[in-house]
Every structure is written in C-alpha cells, then in structure tokens.
Amino acid sequence: MHEPTDIQLVQGAQRGDARCEEALYRRFSVPMFRVCLRYAANRDEARDMLQEGFMRVFADLGDYRGEGSLEGWIRRVVIRAALRWLRKRRAFEPADLLPEISGDEADDPADNWNETGDLRLVTTLLQQLPPGYRTVLNLYAIEGHSHEEIAALLGISVGTSRSQLSKARAMLKKMLKHELIQR
Amino acid sequence: MNSFNDNELDRWLRQSAGQGPEQPAPDGWDTPPEDVWEQLRAGLDQRRKRRRLFWAAWFFAVIGLAGIAWYAGSTAFTPSRPQPFRAEENIPQIKDSPNTPSSFGENKKLQHHFKDAKIETGRPSLTISEGVENDVLAAQKEITPPVINGRDRLSGVLGVLSDNSGPAAGAKAYVAPAPGPDIAPMKSLPTPFPDERPASTVMSAPGHSRISGTGMSNAQTARTAVGAPVPLPVAPAPLPGKPAYAPFLNLPPVSALIRPQKDHPSVYSGLATGVFFTTRKLKHTGTDAPNGQESGGWIWQQGLSLGWKFHRRWAIESGLQRTAIHLQAERQLQFRYRLHQEQFDQQRFLYQNTANDVMETSFGAVEMRMDVGREPSRPINDLAVFRVVLRTDEQARYWRVPLTLRWSPAARGPWQWNLAGGIGLNFSDGYELRMAAARANRPGIRGISARLSGNANGLAPMTTDLQFGGQLAYRLSRRCALSLSPEFRYGLSPMYRSGPFRSLAVSGGVQAGLFLYFK
C-alpha cells in the first residue's frame with residue numbers, strides 16, 4: 001500500500017479526515033519537535049510549542065496553496081507558534097536584565113548529552129542559553145533573519161537583538177569550548 | 001573548533017541543525033510524547049463540533065429571517081378608507097350644473113361682457129413653454145427614467161395636457177422607468193497576480209539533506225513516499241548583504257519567513273458604485289392610506305468603505321454611501337375652485353385659478369400650489385371641487401452608514417468570495433418631488449400645474465435597514481482587487497416619521513467596486 005503524498009494528506013485533512021490529520025502529524029512531528037527543542041529550554045516546553053504549532057497548522061491548513069514544500073510551510077507555522085509561546089511567557093527581556101555569562105556556568109556539562117551527532121549537541125547547547133539569547137540566535141544564525149526582522153517578530157528593538165545575539169554567541173562559544181575540552 | 005569567528009559559528013549551527021538523521025534517535029530524545037497527539041486529537045474534535053454548531057446556527061438564522069420576511073410580506077395592507085383611485089380606471093365625470101348655460105356662445109350678453117372686459121391677467125403662475133409641453137408629450141409615449149441628479153430644481157416643471165374631451169378614457173397607467181445603464185462587463189482579466197514571495201519557499205528540516213547532485217532526496221526514507229519525488233525549487237541567490245547560505249540547505253528567503261501567508265491583510269478600503277431597485281413596503285397602522293399607487297425605481301449608489309479583518313475568516317466593515325429612495329406614483333388631489341380668485345389669461349384664453357393644497361405622498365404630506373385653467377366656455381360653480389390626477393416622482397436622498405460583518409472561506413487563487421450581513425443607518429439628506437399633471441375629472445379644466453412649496457413633513461431623519469449579500473472579488477495583486485457585490489436590504493424602521501402608516505424601504509441591487517489592502 002503506497003503512502004499518500006503530502007498534497008493528498010493536506011486535502012484529506014482540509015476535508016476533516018481524521019486519518020489524514022493523524023498521518024500528517026506522524027509524518028512531520030519528529031522534525032518539528034527537533035525545531036521546537038531548539039527554541040525551548042527543555043522537553044516540556046518543546047512539547048507545548050509543538051502542540052500549539054500543530055493546532056495552528058491544522059487551523060490554517062486552508063492557507064497552504066501548494067507553493068513550496070509542505071514541510072517548509074509547517075516549519076514556519078511551528079516557529080511562529082513557538083515565538084508566540086515564548087512571548088506569552090515574557091521570554092524576551094531586555095539584555096541588561098539577563099544574567100551575565102560566567103566561566104563557572106560554562107563548565108557545567110549539559111544534561112543528556114552524548115556524542116550522537118552535532119544536532120543533539122547544538123540542541124543541548126541552545127537549551128542552556130537564556131530564552132532571549134536562544135531565540136535570537138536561532139532566528140539569526142539558523143533561520144537567516146535580519147535584526148530588523150527579528151525585532152519585528154519578537155517585539156524588541158534592533159539594538160536589543162544585536163546585543164542578545166552577541167552575548168548568545170559568546171556564551172555558546174564558551175559552552176562549546178568546554179564541551180570540546182571534555183571530549 | 002577551538003576558536004572561530006561569528007560567521008563560522010553561524011555556519012556550524014546551520015549545518016548541525018540540518019544534519020539530523022531521518023529516523024528518530026533510539027533513545028527518543030527527539031520523539032515527541034504521545035500525549036501531544038492525544039491532546040491535538042481532542043482539540044480537533046472540539047473544533048469540528050464548534051464548526052457544526054456554527055453552520056447550524058447560520059442555517060437556522062437564515063431560515064428564521066426567511067420566515068420573518070415571508071410573514072412580513074404576507075401581511076396585507078388594508079386601509080380603512082377607500083383604496084386610492086387607480087389612474088387607469090375612468091374617473092367619474094362631473095356634469096355641468098343644470099343652471100349653467102350649456103354653451104357659452106348662446107349667451108350673447110355674457111359674450112359681449114367678456115369681450116369688453118378689461119381684466120388684468122397678470123402673469124400666470126406658470127409659463128409653460130412649448131419645449132416643455134413637447135417634452136411632456138414625449139414622456140407620455142416613452143419610458144422616462146427620471147434619475148434625479150440633484151441638479152434639477154423643483155420649479156414646478158410640468159406638462160400641460162390638452163384634454164378637450166374630459167376624462168381620458170384611454171389614459172395609460174404610469175410605467176416605471178427603465179433600469180439604469182448596465183454595469184460595463186469586465187474585460188478579460190490579467191493572469192493571476194504573480195506570487196510576490198520569492199520563488200523558492202523550500203525549507204529543509206534537520207535530517208533532510210538537499211545536497212545538490214544527489215538523486216533521490218533522502219527525505220524519502222523518512223517519509224517512505226512512493227512515486228516520483230516532487231521536484232524542489234532551487235533556492236534563490238542570496239540577497240545583497242545577507243549571509244551566504246549553504247546551497248544544500250535551501251533556506252527560504254527572509255521575506256517569506258517574516259510575512260508568510262500574508263493573504264489576510266488586516267485593513268482595507270474600497271470604492272463602489274452600484275444600481276439598486278428600491279420600493280417600499282406599506283404597513284397599515286392607522287386609518288389613512290398613502291395617496292396613490294406606487295412603483296419603485298432604479299437608483300444609483302456610490303460609496304466608500306473601510307474594513308478591518310480581525311480574523312482569518314471574519315471582517316467588519318463600515319463606510320459611507322450616497323443612496324436614495326426613489327418612488328413614483330399617481331396621486332389624486334382635490335381642487336376647490338374659487339371663482340373670486342380666477343384671473344383671465346388673454347394669451348392662453350383661459351381663466352387661471354390658484355390654490356394651495358396639501359398632498360399626501362410617500363414621505364408624508366407636502367404643501368403645494370395648484371394652478372388650473374378653465375375654458376371660458378365651461379363655467380364652473382364657486383367652491384366646486386374636482387379631482388386632479390398627478391404623477392409624482394419622489395426621491396429622498398440619504399447618507400448611509402453600513403455596519404457589515406463579512407465571512408470569507410480560505411482563499412485559493414485570485415478569485416475570492418465572501419458572505420456579508422449587517423445593518424445600515426440611513427440619514428436623510430434631502431427630498432425632491434416632481435409632479436406632472438395628468439388630468440382632471442371635469443370637462444373644461446386645462447393647464448393643470450403644481451409646484452412644491454414645502455418639504456415632505458413626514459420624512460424620517462434616520463432609518464435603519466437589514467442587509468444581506470455577498471461579494472465576489474478578483475485579486476489583481478496583493479494590494480488590489482475588483483469586486484462585485486449583490487445586496488438585498490429590508491427596512492427595519494419606517495421612512496415616514498409619524499404618519500398613519502408604516503413604510504419600509506426594500507431594495508435589491510448590485511455594486512461594483514475596487515478594493516485596496518493596506519497591510
């Protein structure tokens with residue numbers, strides 16, 4: 001029995017077919033959970049983001065016009081849901097309110113870390129960053145937004161975005177260096 | 001990786017985020033908990049139930065409104081006094097009094113007296129020009145769309161009908177004017193507007209390598225899709241000043257991420273012009289009836305609208321429209337002839353008599369000045385009363401403020417449609433009455449004219465109506481759309497302020513418009 005294509009799943013889900021909805025979720029839940037893990041501080045937060053993201057996906061499935069890949073579209077929706085989730089929890093505090101990086105913190109090993117691939121390492125390191133740093137770093141370095149766009153997305157100033165990115169990089173470099181030393 | 005600059009760090013982050021395995025990790029660190037799907041399932045079921053309730057409510061609301069409309073339409077108007085006189089029927093002819101000479105010429109004494117009389121005729125109350133008379137006669141033959149554009153003054157321009165044989169047995173009933181000009185059909189529309197987002201919107205999740213040169217994308221192993229893979233668009237060239245992305249990631253352009261799915265702008269504005277057929281529904285509440293048989297008329301409407309889309313499916317809209325209620329009727333007026341007021345017009349060889357009167361119209365009582373001419377060969381008793389039939393063309397202009405709620409389904413492609421409902425507030429802004437005399441039910445009465453000397457006293461300053469309709473739009477671009485909106489309006493409050501009967505305006509028509517979307 002052949003697997004339905006993405007378009008078929010979308011059309012079925014738009015009609016309200018529960019099986020297509022579940023198949024759509026099963027197909028993209030793992031990649032999207034990985035995305036949420038990068039934006040969240042732990043699995044629980046990532047789970048909440050994923051749930052909100054997919055609720056949004058099913059609500060806005062009618063807006064998908066078939067232009068571009070379905071996975072890319074779902075990814076954008078999930079990221080927006082993650083940002084809304086973070087905004088609700090006032091995660092984007094001004095840079096001066098966030099704790100400064102100390103050498104002792106960088107020495108603490110990440111939880112649940114092993115050498116299985118860089119993806120897990122990146123995810124684990126990102127989860128250790130403060131939420132503001134983590135989000136700006138994700139949006140700038142991985143998603144490719146400009147500071148102006150990040151400021152508009154997160155409701156912060158451009159200067160705050162630059163400051164948080166700079167501090168996030170510095171913090172990440174220290175953590176990465178610590179991990180490499182431990183290897 | 002002991003020391004690397006910011007760009008290298010960013011590149012490493014991107015590469016690491018995109019190099020995840022297709023299958024979940026064995027220890028399940030990247031597998032979402034199962035309860036996520038269970039909660040999603042519950043939420044989707046609840047949403048489905050809400051949607052069913054929503055459509056059921058709509059269905060019953062439409063049924064209910066249809067029932068109300070049917071009930072309102074089935075209520076007959078039964079005035080307590082006799083029905084207005086129908087113009088197509090013969091009005092009874094008033095015979096001459098037996099004391100009046102049957103022929104003026106038989107009384108030579110009177111003829112002599114008349115000939116030598118030096119009667120100041122003065123200026124008649126109305127000078128009927130030949131051109132006007134021709135126009136009136138032409139109007140009798142043709143259908144005249146009396147579109148009131150506000151420029152014509154109500155100066156009592158009327159027609160004079162020569163009626164030497166008394167009641168015109170073959171008089172034609174007043175015919176409603178022809179409809180206005182058709183809305184010009186749209187020319188062939190351009191192809192659907194190009195997607196303003198960059199061509200490539202492919203975004204690769206970690207674990208889906210898009211290394212150029214590989215054949216089948218290894219995303220297939222995760223999805224196990226059967227069949228040829230959908231060819232993926234190539235990522236566009238990086239924008240100037242932006243970091244160069246690794247080609248195999250095919251990251252989407254920035255604008256697509258910042259404002260994806262921007263097909264639901266929040267604020268829009270539009271201009272529309274339309275044609276409506278409007279009439280009024282009468283509900284008897286007292287003992288009087290409106291004078292005359294009425295028919296509706298075509299009107300033009302222009303308007304400006306402003307809308308706010310507060311939800312993906314819902315929008316609220318308001319605006320300002322210029323509209324009018326246009327009614328035509330044949331009405332009767334009783335004229336009391338006073339001999340001491342008549343004056344002889346040598347030019348027209350008629351006795352002119354003038355009187356003020358009040359006539360009941362669609363919008364209340366109006367004061368008017370009647371002028372009639374009497375043939376010298378047809379004497380009349382003092383205080384004789386006869387009926388005059390007038391054709392009236394009334395227009396009440398309004399400024400209309402609609403409050404509309406629009407619902408639109410998911411938009412696919414350039415064609416879009418929505419349903420709308422709401423109320424409209426109509427603020428009175430002028431009244432105009434045109435009259436053309438038809439005939440009188442007395443031989444020898446000629447040169448009937450009437451002028452409005454006041455305004456309709458019963459015109460309600462504000463009325464409300466209920467509106468239903470839809471809209472079909474063609475998006476020319478992200479910011480612009482053409483629309484066609486059929487609409488039906490049913491009056492909720494009477495046009496006649498304190499009259500003995502309730503009159504509710506009923507209209508139906510279509511508007512064509514241009515909409516602009518701001519954000």
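**View 1. The largest cavity and its strands.** S7(B) gives the most to the lining of the largest cavity, with four residues; strands here are DSSP runs of E, at least two residues long, numbered from the N terminus. This is a predicted model, where local features need pLDDT of at least 70 and side-chain atom pairs pLDDT 80 or more, while totals for chains, interfaces and linings use all residues. Residues are numbered from 1 along each chain as its sequence is written, chains are lettered from A in the order written, and side-chain values use heavy atoms, without hydrogens and water. The volume of the largest cavity is about 180 Å³. Among the 18 lining residues, B:Ser305, B:Glu317, B:Gln321, B:Arg406 and B:Gln511 sit closest to the centre. A cavity is a set of points on a 1 Å grid over the protein atoms alone where a 1.4 Å probe fits but cannot get out, and lining residues have an atom within 4 Å of a point. Grid points are joined across faces, edges and corners, and volume is the space filled by probe spheres set on them.

**View 2. The second largest cavity.** This one has a volume of about 150 Å³. Of its 19 lining residues, B:Ile325, B:Asn426, B:Asp465, B:Ala505 and B:Ser507 are the closest to its centre.

**View 3. B:Gln467 in strand S10.** B:Gln467 belongs to S10 (residues 462-475) of chain B. B:Gln467 is buried, at 4% relative accessible area (buried is under 20%, with a 1.4 Å probe and protein chains only). Its side chain makes polar contacts with those of B:Arg400, at 2.6 Å, and B:Thr404, at 2.7 Å. Such a contact pairs N or O atoms within 3.5 Å, one able to donate a hydrogen and the other to accept it; residues adjacent in sequence count only if both atoms are side-chain atoms.

Conventions: Buried < 20%, exposed > 50% of the residue type's maximum accessible area, 1.4 Å probe, protein only. 1 Å grid on protein atoms, 1.4 Å probe; cavity = no way out; pocket = protein on both sides within 12 Å on 5 of 7 lines; lining within 4 Å.
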